[in-house]
Amino acid sequence: MRPTTSLALLLLAACSADAASSGPTIYVALDQQFSEPVLNAFAAELQIDLRQRHDTEGAKTVGLVSMLLEERDRPRCSVFWNNELAHTVRLAQAGLLEPYDSPSARDVPAPWRDPQHRWTAFAARARILIVNTELLPDRATWPTSYADLVDPRWKGRCGIAKPRTGTTLTHFTALRQVLGEEAFARFLDGLFANDVKLLASNGATMREVRDGKLAWAFTDTDDYHVARQNGFPVACVFPDQHEGGIGTMLIPNSVALIKGGPDPVHARRLVDRILARETEALLAAAAGAQIPLRPGVQGPADPAIRPVGSFRAMAWDVDWTAANLGRCAQEWDRRFGP
Amino acid sequence: MTRLPLLAALLFLATFVLLPLGGLVVATVRGPDGWTLAAWAALADDRNALVQLAASLQLGLAATTVSLLLGGLHAWVTVGRDLPGGGWLGPLGVAPLVVPPIFVAMGFADIAPAAGFWPCALLLGVAHAPFVAVLAARGLRGVDGRAYEAAWLLRGGRRAELWLLRAIAPELLAGCLLAFLFTLADHGVPEFLTVKGKTWHTYAEGLFARWNRRAVGTTFAELQSPIVAALPFVAGLGVLLWAALRLRAQGPDRGVVQPLPRRPLGRWRWPALLAPTTYLAAGIALPVVVLARWALGSAQRLEPMSLSFARQSFHKAIDQGLPDLLHSLWLALGTALLVVLLALPLARAAARRQPLLDLLCALPAALPAILLGIALVRAFHDSPLLRSFGGDFYAGWGFAVCGYAARFLPFAALTLSAQVRRQPVAAEEAGLLVARPPWARAVRLHLPPLLPAAWTAAVVVFVLALRELDLAVVLPAANATAVRRLANAVHFQHEDWSGVIALLLLAIAVLVPLLPSLLAGRRLRSLS
């Protein structure tokens with residue numbers, strides 16, 4: 001071999017991430033500033049060299065899911081920590097997930113565990129209404145239901161993220177099944193007729209409310225909580241709690257092993273650690289204020305973020321939602337625009 | 001042996017630009033059942049793509065007008081004028097280039113609603129005004145002062161100024177075209193403003209959204225749509241780039257002219273200060289002040305701004321963002337080094353033997369960084385060649401450096417080829433008569449005159465790599481950069497420590513290029 005060729009190969013080796021000696025890689029859709037410190041602590045505790053890849057805010061979960069699908073013939077990810085559930089189930093349906101019955105998941109309530117052990121859910125966010133308390137000081141006037149989005153009383157004063165990615169896509173897809181096709185189609189028409197402000201993300205809707213540009217909007221509990229922590233005049237309403245109401249949607253995090261991913265031994269230990277009760281408590285105490293799914297785990301300190309069991313939760317079919325996510329996303333792309 | 005550096009550089013261009021792009025093109029017509037034009041046919045029905053294209057073109061025109069006003073006026077009043085402080089305001093024309101466009105956007109969005117069309121055009125115009133300022137200043141310095149004086153004597157002051165404007169028109173237009181090109185291709189700023197409440201979208205945003213959402217696509221046409229939609233766009237950008245390069249090449253060679261005489265501004269002498277101060281205030285001061293205020297606690301309402309809050313912000317920044325900052329620094333340094341090593345043989349070959357190489361080297365500048373990133377991911381994430389090698393080059397620092405180098409190669413290659421053309425061929429021919437090996441001729445004869453230009457190119461590439469957001473978003477190996485982290489963190493109301501990271505990044509962008517001059521004690525020279 002010529003010296004120049006040897007040098008080139010040596011350089012290539014020096015610039016490569018050495019797959020053989022490295023530990024597991026985790027793809028994380030949960031916001032980086034919430035998940036990274038937790039994962040760093042886990043890596044230190046488990047003494048593993050953990051590589052983390054975090055999604056961009058603009059891409060939401062879909063960016064990492066797209067990457068996982070792209071890499072299906074050569075998986076680089078060992079563990080997928082998704083900040084919602086439907087896309088994880090979608091990956092399971094596509095055959096990308098490795099079954100693993102984690103001992104840490106035994107006390108997770110049954111609806112939040114895959115019977116085939118391909119995924120486990122934990123630490124949820126609720127889809128709530130964030131209200132500007134300076135614009136709406138009287139609690140009696142606050143909106144109470146998803147249906148308020150199409151109430152003419154709120155015309156042009158409320159907002160929601162476009163159902164293209166993230167939790168809003170999951171929410172709308174589940175809502176379609178819960179309401180039925182006809183009622184859901186009327187709801188969609190109503191959004192446009194009522195001049196609902198359709199924004200790019202839940203963060204954007206929260207900002208519009210926080211800054212007083214909108215009276216209220218749909219968002220997730222973590223967005224509400226950070227605004228509240230920063231001193232903005234906002235309150236949180238768990239919608240559809242009235243008798244006969246559909247309830248508030250809970251969207252949990254989910255964790256799964258990727259089939260054929262690197263370092264499966266340490267990856268399993270990492271999954272065990274992520275699914276431990278202490279992790280739910282950590283995530284509840286963090287700025288994201290996630291709601292523990294397991295009874296007995298300390299919830300968020302903010303009393304406005306209610307624990308599981310103290311409110312009416314929306315019953316949604318995870319498998320149906322996952323199976324129809326792509327179809328719905330394509331349809332709403334055309335309807336809502338980019 | 002002498003051809004080895006050139007062959008290596010050509011191999012790099014082929015591997016990291018031409019093959020990935022070719023792969024993308026082929027994939028758009030090769031469906032699961034054979035050759036098909038289904039994806040292209042679907043584009044014709046895509047109303048969103050047309051709406052986004054129209055929005056991008058309008059935005060590009062508006063932003064370029066702002067760039068022309070800010071950058072053009074800055075150069076016009078600081079080069080060869082009796083403007084108070086013109087001696088140091090002039091070289092500062094290049095300074096806003098150090099500030100990433102997303103920082104400018106953060107600055108504007110903090111003081112006023114920036115979701116509308118005109119605020120977006122204004123801040124993109126500010127962010128890309130340095131292209132106009134630098135090239136217009138170059139044009140003015142290249143005009144022969146004797147010709148200007150003759151025009152003044154024969155036709156009077158006003159006509160002489162018009163003559164001057166015509167003389168620098170190629171450089172001015174080239175600057176405008178570059179500003180237009182960068183505005184069209186920019187994804188990071190429009191996307192940031194979308195998070196801030198913008199409800200209309202640009203073409204580059206559309207490309208990224210399509211790419212990200214390929215997981216929810218179900219048909220071949222849907223999966224290929226990001227690439228299909230991008231290719232006509234790239235062709236258009238390529239034409240713009242070609243025109244910009246041609247215009248830039250028509251600029252006079254400043255080495256053979258007498259500088260412009262010092263022209264009096266008369267009663268406009270003090271009011272004219274408004275032009276450079278507005279340009280620098282909008283491009284540098286505003287973002288820096290806003291970022292500093294963030295660090296002091298302006299983005300939260302729990303307590304007033306204070307130095308103790310800034311200390312907390314600093315600690316959080318070190319805790320959260322230091323690894324990203326270091327990753328950015330090493331990535332930028334590696335990119336600058338690699339780009340200069342590649343650009344030197346390419347520039348010599350383009351200037352002395354193959355002028356078409358200039359166009360080939362410039363090709364990546366016509367690609368939106370998002371598309372280049374997609375092409376690299378598609379080509380390398382599962383490359384059998386790299387797989388057989390064992391390590392994971394795709395996931396490592398080296399791949400990120402190669403991706404960045406492919407993107408920024410045009411800036412160095414074109415700068416250096418212009419410098420090679422200025423060198424007398426006779427000296428090189430004389431060198432051939434000396435019985436020394438080729439490498440010795442290269443080191444002793446060819447390289448020394450190019451070193452100042454190579455240093456300028458390295459600095460420009462270093463700064464551009466440090467501020468790059470679009471490629472960092474797409475390339476997994478480049479994900480952990482400070483700019484990407486900032487763009488994410490601000491979404492989640494972490495302006496406090498984001499402000500500190502941004503200021504540290506700016507400090508690195510300024511200090512690292514200045515370090516050799518500061519250590520050597522030499523007088524600083526304008527990079528423009």
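Does B:L326 count as buried, exposed or partly exposed, and how many C-beta neighbours inside 10 Å does B:L326 have? In this predicted model, B:L326 has 13 such neighbours inside 10 Å and therefore counts as partly exposed, since a residue is called buried at 20 or more and exposed at 12 or fewer. B:L326 is part of helix α14 of chain B, which runs over residues 307-352. Although B:L326 and B:T481 are 155 residues apart along the chain, their C-alpha atoms are separated by 8.2 Å.

When residues up to four places away in sequence are left out, B:A343 touches B:L409, B:A412, B:A413, B:L416 and B:A457.

Elsewhere in chain B, helix α5 (residues 101-111) is largely enclosed by the rest of the structure, because 10 of its 11 residues are buried. The buried residues of α5(B) are B:P101, B:I102, B:F103, B:V104, B:A105, B:M106, B:G107, B:F108, B:A109 and B:D110.

The division of chain A is into domain 1, made of segments 23-124 and 251-305, and domain 2, made of segments 126-249 and 326-336. The centres of these two domains, taken over C-alpha atoms, are separated by 26 Å. Their contact takes 16 residues from domain 1 of chain A and 18 residues from domain 2 of chain A. On the side of domain 1 that touches domain 2, α3(A) gives the most, with 3 residues, and the residues of that side divide into 9 nonpolar, 3 polar and 4 charged.

The contact between the chains takes 46 residues from chain A and 45 residues from chain B. On the chain A side, the elements that give two or more residues are α1 (3-14), α2 (32-46), α3 (60-70), β7 (197-199), α7 (202-210), α8 (221-229) and α11 (318-336). Of the elements on this side, α3(A) gives the most, with 6 residues. By class, the side of chain A that touches chain B comprises 19 nonpolar, 16 polar and 11 charged residues.

How values were computed. Residues numbered from 1 in each chain as written. Chains lettered and ligands numbered in written order. Predicted model: local features only at pLDDT ≥ 70, side-chain atom pairs only at ≥ 80, totals over all residues. Contact = placed C-beta atoms within 7 Å. Helix = DSSP H or I, 4+ residues; strand = E, 2+ residues; numbered from the N terminus. Nonpolar A, V, L, I, M, F, W, Y, C, P; charged D, E, K, R; others polar. Domains from an automatic or database assignment.
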